[in-house]
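Please look through the sequence and the structure below before reading on. The paragraphs that follow then lead through a few of its parts.

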Amino acid sequence: MLEDLYQEVIIDHSKRPRNFHHMADATRRVEGYNPLCGDKLALFVKLDGDTVKDISFVGAGCAISTASASLMTETVKGKSRQEAVQLMERFHDLLTTEKPAANLGKLEVFSGVREFPARVKCATLAWHTLKSALAGAEEVVSTE
Amino acid sequence: MAAVTDPRITDPRASASDRRENFPVLDQRVHGKPLVYLDNAATTQKPQMVLDAMNQFYQMDNSNIHRGVHELSERSTRHYEEARVKIQRFLNAVDWREIIFVRGATEAINLVAYTYGRRHVQAGDEIVISAMEHHSNIVPWQILCEEKQAILRIAPINQRGELLMDEFEKLLNPRTKLVSVVHVSNALGTINPVADLARMAHRHGAPIFIDGAQAVAHMPVDVQALDCDFYALSGHKMFGPTGIGVLYGKAALLNKMPPYQGGGDMISTVTFAKTTYNELPYKFEAGTPNIAGTIGLGAAVDYINDIGLDRIQSYEHELLAYGTAQLERIPGLRLIGTAREKASVLSFVLEGVHPHDVGTILDREGVAVRTGHHCAQPVLEWFGVPATTRASIAFYNTKQDIDALVAGLGKVKEIFG
């Protein structure tokens, strides 16, 4: 159902993305790119030891990728590196399997994406980029 | 608003009852809605006649060509070569030997880049393409230019998506070794004045390659009238199968070009000391070709001829005018590509909504369109958009299909407010 995909929270975050700005003092900056639809984002992460102290992004993309990036930044801020990676795995399960969502909070609004396989990449672009940032890479991450 | 005025005259479907019935794939529902197929620039659907011709080959005639002395091989060779003559007539080429079967327009461009290009292009030479080319008419030339230290020149376009002819001519000079331009742009729908471009190129001593992939299903093409040196087409964009296409080339040029690939069928004699190449067109057709695909393409040509490209062209012209008028009424919609000479394509962006979301919502309404950069990133960058939604028509589309598109865009507005 279209209404499951484009839930109000998603539309809201796509139109008014949170943490949508450059970060001059970021410790990591990684770009994500989805060649299929041309979605591009730059992710800024400020790590304090093992903790994501601050996180932001800029870029242009579809509603799903923009909302996903926005909600991701809200969710992982203050989390440890390990917690963020675990969240990513559970989020990926939410999009691709029938497993019941486990403690994903707001991110559960993306459960509708499962019915739209062509859009899974849109929802995971920001997360792939985050994973790469946390791993210490400074590069362009592609979904292809 | 230009309505389709007299269906008896302009509607090619009226010529043989409802032509739509010839396309089994169109008769289905997707997501509970009747399928509205508006992605014809990506690939066209196949009429039953084409499917039958290919089936017939595999069921009755399957065998290799040009070698067996047995009945099946003679039959399949005959059908294969008949398809070549059909294409020759379809393009009005002087000689059947000028028709080379390849996998598609992309392979045709690569063939010329690797053979003609490698032989004739030297360091400091120039190749001219346009700003609206598909990646397939950019990348092979980039590879060649990099290898030869040659220069790729890009002819600019205006805000409507039309070539600037004066600027085009300024790019031509004695170092220009080849001009390669799309006949109809897949991203914008622009019809380029290729006969004028050919005259221009020839004035400066350069041959011209025309990528006709988006043209041949929508308008009559006469390679002699255009006086182009090479012309490429893809079978699947003209109601034929995938994996088969054509390179047309003037015999004088093809004869001087080295072979593209080595193998069987492209040779006269082989010894370990020396190999003599076969004559045209076989010099460029190494290995067992796509026989069924070629026969399917021949059937597609018969099918198109049965309707008549003049009628297809005038019907689609009215449909495009109708679609343009309907889309222009939608607030916040901007058409990308508004050339005065245009075919088949309605490419647009909708304010505040990404094309990918438009495509998903339209799909749920049964409307199939393409979203993205259409393998023509440079031209979209020029227009300042990362992607568009593209509806592209074929003669089996109707005003009702356009209306379904417009209604689907209403649904997009509903969701995105």
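Is the crossing of helix 3 of chain B and helix 10 of chain B left-handed or right-handed? In this predicted model, the crossing of these two helices is left-handed. Helix 3 of chain B covers residues 71-91 and helix 10 of chain B covers residues 291-307, and their axes come within 9 Å and cross at roughly 45 degrees. Because angles of 65 to 115 degrees count as roughly perpendicular and those under 35 degrees as roughly parallel, helix 3 of chain B is oblique to helix 10 of chain B.

The contact between the two helices can be followed residue by residue. On the side of helix 3 of chain B, the residues that take part include B:His79, B:Tyr80, B:Ala83 and B:Phe90, while among those that they meet in helix 10 of chain B are B:Ile295, B:Leu297, B:Val301 and B:Asp302. The residues of this contact divide into eight nonpolar, four polar and three charged.

Chain B also holds an open sheet of seven strands, which has the order 4-10-9-8-7-5-6 and mixed pairing. Strand 4 (99-102) and strand 6 (151-155) of chain B are its edge strands, each of which pairs on one side only. Neighbouring strands of the sheet are turned by 20 degrees against each other on average, direction ignored.

Within this sheet, strand 7 (residues 176-182) of chain B pairs with strand 8 (residues 208-211) of chain B in the parallel sense over four bridges, and B:Val181 stands opposite B:Ile210 in strand 8 of chain B. Helix 5 (residues 139-148) of chain B lies across strand 5 (126-130), strand 6 and strand 7 of chain B, and this helix runs at about 145 degrees to strand 6 of chain B.

Conventions:
Residues numbered from 1 in each chain as written. Chains lettered and ligands numbered in written order. Predicted model: local features only at pLDDT ≥ 70, side-chain atom pairs only at ≥ 80, totals over all residues. Axes fitted to C-alpha atoms, helices over the stretch in contact; angles between N-to-C directions. Parallel < 35°, antiparallel > 145°, perpendicular 65-115°, else oblique. Left-handed = near helix turned anticlockwise from the far one by under 90°. Contact = placed C-beta atoms within 7 Å. Nonpolar A, V, L, I, M, F, W, Y, C, P; charged D, E, K, R; others polar. Pairing = 2+ DSSP bridges.
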